[in-house]
Amino acid sequence: MTTETTRTTKSKKLVSEFRQFLSEPWFAILTTILAAAILLFIVIPVFAVFFKSFGIGSGGFTFEYYKEFFARSYYLNSLLNSLGAAIISTIVVVLLSVSISLYVTRSTSFLSKFYRGAALLPLVAPPFIFSLSLIILLGRNGVVTSLLNDAFGLEFSIYGFWGVVLAQILGYFPIGYMLVESTMRNMSPSLENASRDLGANQSKTLRKITLPLSQSGITKAGLLVFVMALADFSNPLIIGGGETFIAAEAYLLVVGQQNLEQAAVLGVFLIIPSLIVFIFQTYVMKDSGLETISGESGASNAPLTKRVKSVVMTINTLFVSFIVLMFIMVVLGAFVKIIGIDNSFTLEHFQSRNGWDSLYTSIIVSFLAAILAATIGMLQGYLFARKPIPGKKALEFLTLFGLAVPGTVMGIGYVLIFNGSPFFLTGTVLLIVLNMTFRKIGVGLEASISKMHQIDSSMEEASNDLGAGPYRTFGKVVVPLLSPAFIAGFVYTFMTAMVSISSVIFLIAPGTNLAAVHILNLAEQAQIGMASAMSFVLIVIVLSCMGLLKYIEKKTGVSI
Amino acid sequence: MKKTIMLLVLMTTMVIITACGESGSSDEPLQVYTHNDSEEMDAMVENIEENTGVQLDVLRLSSGEGWSRIEAEAPEIGADMQIGMLHGFGMKAEEEGYLLPYESEQWEDVPDKFKQEDGEWYGTSFWYNMIAVNEEIIEDKGLDVPQSWEDLLDPQYEGEIALPDPGTSGTAFLIVSTIMQQMGEEEGWDYFEQLDKNVGQYTKSGSAPAQLVAQGEYAIGVSWDQAVLDYIDEGYPIKSVMPEEGVGYSLDVAWIFENTDQPEKAKEVMDYLGSQDFMELSAEYRSMVTKPGITDDSNVSDNFIDYDAQWDADNRDRIMEEWQNKFSN
């Protein structure tokens, strides 16, 4: 009897929800379009990869390709290599993030600002840039290698597993760092102060109070870095030497042999860890409770004591100098003939029409994707936070899932879906834009939802009561309130789209080549000079765009 | 702020609309695949655009990569034309019916062996395998300069050889094909299994080994003629070695895809490729071009084996499958 009642109330609730949903037809239509788009551009491609791995769509259901996977130690090795490299990179990135965050959040000195800037620098470069500079520095005939060789007769090679690990640490560091830093910045200092007052010294306080409090941020950072490092395919291609890595292998299977089925199997093994991590992060971590302590007091954290500071600063200085050195190598590499061999100044590496064309395409495409992603994120955030939408939770999950899908898998999925009817989009700019957009809309969505939760709905109610309809309220009240979320989505998507490679590399065609892909191609031809030159220009462009946004932020007073 | 956002959204819509509108018009650039190196191709594209007025959009893919893309895209191949590809793939494409026959008058004086009889593909230049050796490393490590394919198997070169990967690189497939045609398949496989022990790195592109040797990353790199000679000209401490047993050579061919929607423009470009002007430009980047009287190839061709490009076309799939089986384990 009771279950009966709950069922009727439940269905009644559902019916009323539906009625409400349909009462604002434009929002209903928008939501439906959004949902369809999310399905088409995020969910279906992933499923397509999954089905393809069983041979569905090309000769019927079979386990053949999985058998092949396990029959060759080669594929299994590539999986183990990728997992190993990802785990090591993650641990190192997290440790370094904590170390730098500790200093940066407790000091306002110029040095602290400089460290922060340098730590974030890798964000604006293609993810494989460090492979290039590592080869320049530590290759078999690198600048440092030769010195060591001359001085001690020491010989080593950066190509291989450890080269990849090093490149990943440098490349994915900013992602981890940003999360750890923001957690530490938002932490209330009162608990730390209490601990110090009760007699614990600083290192004990750090161990017992600060780190446990930052745990959720640190875990989140670790998971994110892990997923990105696992899906990394460009570093193994450049610096992997003979070692195989799973994402790179999947890529080579597609472009070298068009063996989409086998590539799909590798894709499945690539997506499983990402999916586990994503579900863990979404459901298990949400209610850790510790993160709720946030800094409202306005007091700042106690500066580090001498002893802790000396440890932290040694690590930080070493690491930051390393990052800066890497970038200097790229800049030098761009302006000399062949760095380390013929160091005469030249501008010839910049004279590449194909390179400039691809830069132009990248800017246009990234700009469009950023606008689309930010707009959709904002709209979706509003609808999800305020409107009763059937299946809202599932849609939100799927949108955020777009962020977690490894680029290689998404790229292969797009190749499978959009290479024939009914959606023949292969080779078009539109497909690249859509790919970049839907992989990133999660960021704008998250920003908008959290912004909407901070804003009380009374303003919208007031607007409604004063006679403005729901659409007018949205335009006049909600959109202005959400503009910071819009900007956040825009900046993030633009920046990542400019340097993204793993997914779009499958989608380019003559005339739609992208800068990051072009640079990787140059690196494959071992054209370090041209690759460095194009990377340099790309970095300058992304940095200037960021600068421009900062300027707009100052002028308009909208925080970014 | 709201206005800015509205403006941005409006701009986006406009850009998308114009982008979509463009694709229908006849001013669309000609879409071209190539396997040529970026540096060379940049110069060629500029020259072609200047002299024909046809705009080109180029995508560079190494030979193996380009071919598998073409096969996957067929019959809706995503380019109008290919400028620079392996001879063997030209033959395969012809068999598969991917190509548009076009008899160009500009190509008349090019010997018949360099072009397909119905004008389905035309050979612009040819190139051959060449070994690059870094003299400094050889001296430092007390190694001998290899003189033949056989020498490369010597254990003293362990980890010192850079070889392109035949899965993606046409240069590499030419090496594989040469060895197989010379030694026979069984011995050929033995050769590569032994060579594998000395290979420090397989590269995706065929020019990369030359560059790696010039940079001093490896002592020996197997690559192709011009890639090596360029670095010698620029003064790097490397020398070229032509293996005693002889090398294979391949014609670099161009063709028009059957499904092109701009055949007139493509034909115009094809005419130009056969002109004296273009062949002379080509000769700056290649040691030999097919138009008579531009390059002197009398002394190089002594080193060529009796290479059979048809063998490439017929056996590539099978050989590559076995390659994957042997070296991907």
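User: What makes β6(B) mostly covered?

Analyst: Five of its five residues are buried. A residue is buried if 20 or more other C-beta atoms, placed from the backbone, lie within 10 Å of its own; 12 or fewer make it exposed, and in between it is partly exposed. Strands such as this one are DSSP runs (E, at least two residues), and helices are H or I runs of at least four, numbered from the N terminus. This is a predicted model: local features need pLDDT of at least 70, side-chain atom pairs count only at pLDDT 80 or more, and totals for chains, interfaces and linings use all residues. Residues are numbered from 1 along each chain as its sequence is written, and chains are lettered from A and ligands numbered from 1 in the order in which they are written.

User: How do you know that β5 of chain B and β6(B) pair?

Analyst: Pairing needs at least two bridges found by DSSP. Strand β5 (residues 161-164) of chain B and β6(B) have four, in the parallel sense. Leu163(B) has Tyr202(B) as its bridge partner in β6(B).

User: Why is chain B called as compact as a globular protein of its length?

Analyst: Chain B holds 12 helices and 10 strands. Its radius of gyration is 22 Å, close to the 20 Å that the globule rule gives for 329 residues, so chain B is as compact as a globular protein of that length. The radius is taken over C-alpha atoms, and the rule is 2.2 Å times the number of residues to the power 0.38. Buried residues make up 48% of the 329.

User: How do you know that chain A has two domains, and which residues form them?

Analyst: The bounds come from an automatic or database domain assignment. It gives domain 1 (14-61 + 349-560) and domain 2 (63-346). Their centres, taken over C-alpha atoms, are 24 Å apart. The contact takes 40 residues from domain 1 of chain A and 42 from domain 2 of chain A.

How values were computed: Contact = placed C-beta atoms within 7 Å.
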